[in-house]
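Morning, everyone. I have one structure to walk through today. Please bring it up on the screen.

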Amino acid sequence: MKKIILGNKDIVHILKIIRKLNLKQGVLAAGSIRNSIWQTLSNQSVSLQSDVDLVYFDPSKPQEYDFLVEQQLLKNYPEYNWQVKNEVYMHNYDFKNQQPFKSIEDAIAHFVETSTCIGAYLDTNGILKLITPYGVDDLVNFICRPVPAFSGDQQHINIFKKRIQRKNWVEKYPQLKIQF
């Protein structure tokens, strides 16, 4: 897993950019990593096809700060389609009145699919660290299933199903197995 990530020059460049920002618990997450892994394992050309998902967790920053960071990144690194989110404010993204997240790890564990629940960052020594609350087996075995928080009722399952359709993963990755 780490070898695939470190073998992707764009991802390594993005990880270095994120480290320079000094965001509290700042990581590259979700589709940016998932898609690159699936492309590599499918012997497809590897490219960042979607947003570059930069997430962080900092209760001291107002939600508007995301926009400022995103604008700075778009100005300085326009080759990437940045999406910046302080996960402190994202617990109500799909449903209202949800419990706030406690950390970046907790937030990543609440992404919709287990194969999307991945974050990567470079520590202060430049060593790649991964956040994988459900491990990497689903990711590397092309299994797409909802996280526990999205498997308890039909409303959550519907969000899971709609994401799979909207993102067109089954066509892009025919070996993908959908489980719910």
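Where is D58 found? In the loop between strand 2, residues 52–56, and helix 4, residues 65–76. Keep in mind that this is a predicted model.

Stay on D58 for a moment. D58 is buried, yet has no salt bridge. The nearest side chain of opposite charge is K61, 4.7 Å away. A salt bridge needs a nitrogen of Lys or Arg within 4 Å of a carboxyl oxygen of Asp or Glu. What does D58 touch, leaving aside neighbours within four places in sequence? K24, N86 and V88.

The largest nonpolar core has 48 residues. L15, L28, L54 and W82 have the most contacts inside that core. Helix 2, residues 9–21, gives the most to this core, with 5 residues.

Take L28. Not counting residues up to four places away in sequence, L28 touches a list that includes I11, I14, L15 and I18. Also among its contacts are I33, V52, I118 and A120.

Next, A29, in strand 1, residues 27–29. Buried or exposed? A29 counts as buried, because its relative accessibility is 0% and the cut-off for buried is under 20%. Beyond four places in sequence, A29 is in contact with D53, V55, F111, I118 and G119. From A29 to I164 is 135 residues in sequence and 18 Å in space, C-alpha to C-alpha.

Last, the surface. V170, I178 and F180 make a nonpolar patch of about 290 Å². F180 lies in the segment after strand 7, residues 177–178. F180 is exposed, with a relative accessible area of 62%.

Terms used
Residues numbered from 1 in each chain as written. Predicted model: local features only at pLDDT ≥ 70, side-chain atom pairs only at ≥ 80, totals over all residues. Heavy atoms only, no water. Patch = residues over 30% accessible without salt bridge, like charges linked within 9 Å, V, L, I, M, F, W, Y side chains within 5 Å. Areas by Shrake-Rupley, 256 points an atom, 1.4 Å probe, with all protein chains shown as cover. Helix = DSSP H or I, 4+ residues; strand = E, 2+ residues; numbered from the N terminus. Buried < 20%, exposed > 50% of the residue type's maximum accessible area, 1.4 Å probe, protein only. Core = buried A, V, L, I, M, F, W, Y, C linked by side-chain atoms within 4.5 Å. Contact = heavy atoms within 4.5 Å. Lys, Arg positive; Asp, Glu negative; His and termini not counted.
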